[in-house]
Amino acid sequence: MAKKPMCLVCQKEMEKGFITEMGDGGVAVHMPRWCAGEPKRTQYVGEVDSSQHMKGLALTAYRCPECEAIRLYAPSK
């Protein structure tokens, strides 16, 4: 992953953020949302078994301020 990812369409520097979604009882009731910055850590998991969740990789999402494209990365721990 590049230190400062550039948009493949506009060639503008992309803004770092993350993707989140909220569910109710295991059912997604809200569309995923892109949020700027770093996620705040929580003890609540909910969407998968906690052991599976711990083995997964957190996504980092970069958003282009010009064309609004999003690039996802799953960096190794």
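**Burial, contacts and a salt bridge in a predicted model**

Of the 77 residues of the protein, 13% count as buried, a term that stands for under 20% relative accessible area, with exposed meaning over 50% and partly exposed in between (1.4 Å probe, protein chains only). This is a predicted model, in which local features need pLDDT of at least 70 and side-chain atom pairs count only at pLDDT 80 or more, while totals for chains, interfaces and linings use all residues. Residues are numbered from 1 along each chain as its sequence is written, and side-chain values use heavy atoms, with hydrogens and water left out.

The protein has one helix and six strands (DSSP runs, H or I of at least four residues for helices and E of at least two for strands, numbered from the N terminus), and from the N terminus on these elements follow the order β-β-β-β-α-β-β. Among contacts with a separation of 6 or more, 36% join residues 24 or more positions apart, where contact means heavy atoms within 4.5 Å.

Strand 5 covers residues 60-63 and includes Thr 60, which is buried at a relative accessible area of 13%. Leaving aside neighbours within four places in sequence, Thr 60 is in contact with Lys 16, Gly 17, Arg 71, Leu 72, Tyr 73 and Pro 75.

The structure holds one salt bridge, defined as a side-chain nitrogen of Lys or Arg within 4 Å of a carboxyl oxygen of Asp or Glu. This salt bridge links Glu 68 with Arg 63, with the closest N and O atoms 3.6 Å apart. Glu 68 is exposed, with a relative accessible area of 52%, whereas Arg 63 counts as partly exposed at 22%.
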